[in-house]
Each structure stands twice: as structure tokens, then as C-alpha cells.
Amino acid sequence: MTIRTLSSRDVYRNPWMTVREDAVQRQDGSTGIYGVVLKPDFSIVIPYEQGAFHLVEQYRYPVQGRYLEFPMGSWETQADASPETVAAGELKEETGLVAGRMTYLGHLFIAYGYSNQGMHVFLAEDLTPGPQTLSPEESDLVCKKVTVAEFEALIQGGHIKDSATLSAYCLLRMQRRIPGL
């Protein structure tokens, strides 16, 4: 190991995250601090049918803007829920869609330079529509169906900036051959 932890202390905690500060010793013997954001992994779902994706758009407070993204989330109150259960639940809650088939595409880290959080990526197909069940935090969420070409144009136009959505799409492109991709 190139960095050794000398001590740790929680500097902030809420139900969704913990910020920890570690005193560290580097390989060369010098010391310093390292801030780490601890968050549970989440699931992200790529709802795909007939050459199009179902996206959600909502206001994201930290960046003070509305952006499009794939449905995603974690269940802090049910930390033992499987990533696939969370993915199916988030898909249903945010879009009303139920997937007849969920394919696991892989696990990626969000920003391992400062956080331990990762994401489990799923492709959802054979979709059946139904009602949304939005939480109060998602009350402004709207769903949009876009073709693959429109999706890529939205990325190029700066309307999709979410790194989780972009990296999930990249993983899909690398692993699957889907008409329209």
C-alpha cells in the first residue's frame, strides 16, 4: 500500500452520506490528510426499447439545474437490498416502467479520487408501462423517451452531463450490440 491511514474521524454525517477525514502517511514518509465521501453504491438503469431510451429529468440542487439522466438511486433504508432489486424499484418509481428482462452490465466507481461510491449498471428491456411512485424529492421529475441519435445529440448539446449516465451508456456500447447503437 502506498498510503497508510494513521487516524480517521467523521467530520459530517447524514442519512445519505458521511464525510471522513483521515490523517495519512505517504510512501515517501510524508504525512497529510485525505478527505473521503462515503456513500452507498447505487443502481442505474438503462431502459431501452425499439431504438430509444427512457430518460428522467429533474432539478439537481448541487449544480442548480435540470438535466436528463438514466433512472438511478439507492435505498438507504434497505441497505441489504440487491442491486437488481434496487434497479427494478428505481425504474418503477421514477418511470412507471416494469422490465421483463434486466441484464447486469457491470460495476463502476463514480469518483474514486474522493469517494467510495460505485454504481451497478443494468439494461432494462421488454418494458411494460405503469404509474410512477415518486418520492417528495422527485416531485419535479419528468420522463422523456428519446431515440439513440437524439440521446447522443443531447450529450453533444450539453443537456446530458451526468457522468453516471454517460459511463453507463459507454459500458452498454462496449458490451452490447443493439439496433440503433
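How many disulfides does this structure have, counting a disulfide as a pair of cysteine sulfur atoms within 2.5 Å? The count comes to zero. For background, a disulfide is a covalent bond between the sulfur atoms of two cysteines.

Before you click on, know that this is a predicted model, in which local features need pLDDT of at least 70 and side-chain atom pairs count only at pLDDT 80 or more, while totals for chains, interfaces and linings use all residues. Residues are numbered from 1 along each chain as its sequence is written, and side-chain values use heavy atoms, leaving out hydrogens and water.

Stop 1: Select Cys143, which is partly exposed at a relative accessible area of 36%. Here buried means under 20% relative accessible area, exposed means over 50%, and partly exposed is in between (1.4 Å probe, protein chains only). Now pick Cys170: with 38% relative accessibility, Cys170 is partly exposed too.

**Stop 2: the annotated span.** Colour residues 37–168, listed by UniProt in an unreviewed entry as "domain: Nudix hydrolase". UniProt positions follow the numbering used here, feature names are shortened, and annotations may be inferred rather than shown by experiment. The span is 21% helix and 42% strand, and its end C-alpha atoms lie 21 Å apart. Helices (H or I, at least four residues) and strands (E, at least two) are DSSP runs, numbered from the N terminus.

**Stop 3: a pair of helices.** Show helix 2 (residues 148–156) and helix 3 (residues 163–175), whose axes come within 12 Å and cross at roughly 140°. That angle makes helix 2 oblique to helix 3; angles under 35 degrees count as roughly parallel, over 145 as roughly antiparallel, 65 to 115 as roughly perpendicular and the rest as oblique. Axes are lines fitted to C-alpha atoms, for helices over the stretch in contact, with angles from 0 to 180 degrees between N-to-C directions. To see the helices meet, display Val148, Phe151, Glu152 and Ile155 of helix 2 with Thr165, Leu166, Tyr169 and Arg173 of helix 3.

**Stop 4: Glu152.** Stay in helix 2 and zoom in on Glu152, which is partly exposed with a relative accessible area of 29%. Leaving aside residues up to four places away in sequence, Glu152 touches Tyr169 and Arg173, where contact means heavy atoms within 4.5 Å.

**Stop 5: Glu57.** Is Glu57 buried or exposed? Find Glu57 in strand 5 (residues 52–60): Glu57 is buried, at a relative accessible area of 15%. Beyond residues up to four places away in sequence, Glu57 touches several others, including Arg66, Tyr67 and Asp140.

Technical notes: A disulfide is a pair of cysteine sulfur atoms within 2.5 Å.
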